[in-house]
Amino acid sequence: MRISTRYAAVALAVGAVLTGCSSEAGEAANDAAENTVAVETDATFAAGTTMARIADAGELRVGTKIDQPGFGLANAEGTPEGFDVEMAKIIAAKLGLSEDQIVFQETVSANREPFIQNDQVDIVVATYTINDKRKEIVDFAGPYYVAGQDIMVAKGNPEGITGPDDLAGKTVCSVEGSTPAENIRTNYPQAQLVLYDVYSKCADDLRNGNVQAVTTDNVILTGLVAGSPDQLELVGAPFTEEPYGIGLKKGDDDFRTFINDTLEESFEDGSWEQAWDSTAGAITGEPAPATPTIDRY
Amino acid sequence: MNGARVLFDVPGPRARRRQRIGSILGALLVLGLVALALWRLGSNQQLDPNRWSILFDPASNVPQRLLAALVDTLQVAAVGMVASVVLGALLAVGRLSDHWWLRVPVTVVIEFFRAVPLLVLILFCFLYLPKVGISTSPFGALALGLTLYNMSVLAEIFRAGINSVDRGQAEAAYGLGMRKWQVMSFILVPQAVRRMLPVLVAQLVVLLKDSSLGFIIGYMELLRTARSLVEYFNSLYGDTYTFQLYVGAALMYILVNVLLSQLAKLVERRTAQNVKTTGTAPLDVPGGVPALTGQVTGTV
Amino acid sequence: MSFLVDNFTLLRDGFLTTLSLALLSGLLALLLGTVLAAMRVSPVLALRGLATFYVEAFRNTPLTVIFFFLVFGIVYIDLQFPTKFVAAVAALSLYTAAFVCEAVRSGINSVSTGQAEAARALGLDFRQSLTTIVLPQAFRTVIPPLGNVWIALAKNTSIAAGFAVTDLTAVLSRLANANGDQILAVFAAVVAAYLIITLSSAWGFSVLERKLAIVR
């Protein structure tokens, strides 16, 4: 088997295990940073609560993204992997469910709230920013991570972009309807927005030189840069705060408290940090940030 | 006007030579363009066998995923096809009803679902039916959206087909003492379906392709799976495999759709040979009965 | 309701983008499709083969895939469209032309043989008999199928939303995302805007059909 140095370097950078296989891409299949969480075996909940219902049903339905490296990305087998997925595993474990008992459903940006309202999923863990408008129709546990909007540019930063103010007159790519796009539209109206439906298309456009910058939450950009480190780079100066929460049905305060407790516990016992190191942290190569403060509103 | 051969003479020796030269020049031009495209692809390293091997290497799990996704695509399309053909036939009969209280609502249903973009229809089925107590999985919502849209298109195709059946057929059936529903179900609809077969299949091909709109509600059909694989490999190798994966998915669609069309041609030839149906073979339709040609292509 | 009034400009711009996408691509597809149909009945084998190949390839590929190749694929052969709108028009016209071709060809086949025979007997050549005798008659009988193709095209423009064109569907996702509590109103407004295009043209085509119908 011959692996060019470039592929090898990239593969090593993401922590892939290189073993004998016949195509460069084949090795991706072995890139499974398995992270098992100890399942609570004697979990009991008061009858009538959501926790009891889920534990009895033996299945936790989780809405997640499958196209965001580091947080929620379907691997070659189609199974989602990432920090969001690890959060779901931690919650499932507290409910007495193993990770095989989690049913993942892709949530497209346009339908995250209806997903919860229609009871199609129990929780949404999908790089879901907590904001007041959303709080009117769903409730949030967490935050379990605080991201920030950042900018990705071509390698070497030919345009010399260091912050959002430099975007004036530049073509900037983002996703239609997303919070970062909305932020640029309102606060930096001189930037020319190019809006796709997924970020991978933005990365393509930046590689092709069709746009001069891509903007969204730093963690999403980091995942994109990881794939093409010799073509793309991150400016690395977040200019907003995006607290990621776990969405659940409005008014289910018991369930919200339960998830908040679970999250706090995971902050303390190190499983949160472990989850970070094996997913998003493996991409950035940076240690886990300080744990966020749970907002029990 | 079949074959359209009346439009030109059988070419003589000079015309044949001219045509041959023209054909060769044209072929050279096309080949030149293809070669140019291949050369540019090659110089951008897109023809590197290592890049294409991902489509066939089981270790990458790509062939397994794409085939499984093809099965998912075919499943949802099959449900949509059967349901929309059956409902489409019923709606066509309803629209031809003598009773206004049946005809009017059926017409409204057909016109409405034909006019709404399928993307919006699928999204609506997924997000709003649960609000009125009908729980839908992505599979169910996609199948339902495809059915609602295609049944209304097919209803119009069938209606045109029924209208194109020679009036004598219905008259003879009434003469034999058949009731209206008998005339419809035993005489008109079977002939209409046979006659509209090419159009019907063209529409089923559209249905199959439209199943790719399932991405909007997270149904992992062929195209969405290809994109998901692209996104995964993007996170490891940049855009190394992007082009190859999309070409692979596109070829799978073309292959399945061409097979479907060929199957239809086969069925058509077989029914055309059947003595019982010779009277209804499309070739014998008197010079473009407007109602028939009126719908011959289905929609896009 | 005030919500829709607030976003009226956005909806109107989306509507106009969708409409101009549809009109431009419709026109180009009609031209290209007619040329392809003429190629499919032409005496030159190579032209027939080329047109058949074109139609089969484009009819059997999902529109999204065509969009992808025109926006991201052609970069690999060092080509590029000036704007995303132009790329969208190109994708929609190339795709729709295959369906226009099939509609027009069915129309050509529906013109009775005697017409072409008479034209040929008068000494008209292939081009003359096609353009002055057959096609004008064919277009009348293909008005309904062309109408269907046009309506489908108007709706297919929604795919452009995924490729950086701010059409009605893009407006739908922008508004729906920012206003989770108003989704039903957003849906209703966008569907209504599409219905304005599709239903009015369906009506227009049926009027045209009745006006131009050939009584035999």
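**Ground rules.** I number residues from 1 along each chain as its sequence is written, while chains are lettered from A and ligands numbered from 1 in the order in which they are written. As the model is predicted, local features need pLDDT of at least 70, side-chain atom pairs count only at pLDDT 80 or more, and totals for chains, interfaces and linings use all residues.

**Entry 1: confidence in chain A.** I started with pLDDT, the predictor's confidence in each residue, from 0 to 100. Chain A averages 82, and 86% of the residues score at least 70. I then looked up two stretches of chain A. Over residues 1-22 of chain A the pLDDT stays under 50, and the model has 36 contacts there beyond four places in sequence. Residues 26-33 of chain A are also below 50, with 26 contacts beyond near neighbours in sequence. For me, two residues are in contact if their C-beta atoms, placed from the backbone, lie within 7 Å.

**Entry 2: a sheet in chain A.** My helices (H or I, at least four residues) and strands (E, at least two) are DSSP runs, numbered from the N terminus. Two strands pair if DSSP finds at least two bridges between them. I found an open sheet of five strands in chain A, in the order β10-β9-β11-β8-β12, with mixed pairing. Which strands stand at the edges? They are β10 (192-196) and β12 (232-234) of chain A, each with a single partner strand, so one side of each is left without a neighbour in the sheet. The twist averages 30° from one strand to the next.

I also followed one pair. Strand β9 (residues 171-175) of chain A joins β10(A) in the parallel sense over five bridges. C173(A) has V194(A) in β10(A) as its bridge partner. Helix α6 (residues 179-187) of chain A lies across β8 (149-154), β9, β10 and β11 (213-217) of chain A, and runs at about 145° to β9(A). For such angles, axes are lines fitted to C-alpha atoms, for helices over the stretch in contact, and the range is 0 to 180 degrees between N-to-C directions.

**Entry 3: chain B.** I counted twelve helices and zero strands in chain B. Of its 300 residues, 46% are buried, meaning that 20 or more other C-beta atoms, placed from the backbone, lie within 10 Å of a residue's own. Of the contacts in chain B with a separation of 6 or more, 74% involve residues 24 or more positions apart.

**Entry 4: chain C.** Here I have ten helices and zero strands. The C-alpha trace of chain C spans about 70 × 45 × 25 Å along its principal axes. Chain C has 216 residues, and 55% of them are buried.

An unreviewed UniProt entry annotates "transmembrane region" over residues 61-79, 86-108 and 183-208 of chain C; such annotations may be inferred rather than shown by experiment. I checked two of these spans. Residues 86-108 of chain C are 100% helix, with end C-alpha atoms 31 Å apart. Residues 183-208 of chain C are also 100% helix, and their end C-alpha atoms are 37 Å apart.

Technical notes:
Buried ≥ 20, exposed ≤ 12 C-beta atoms within 10 Å, placed from the backbone.
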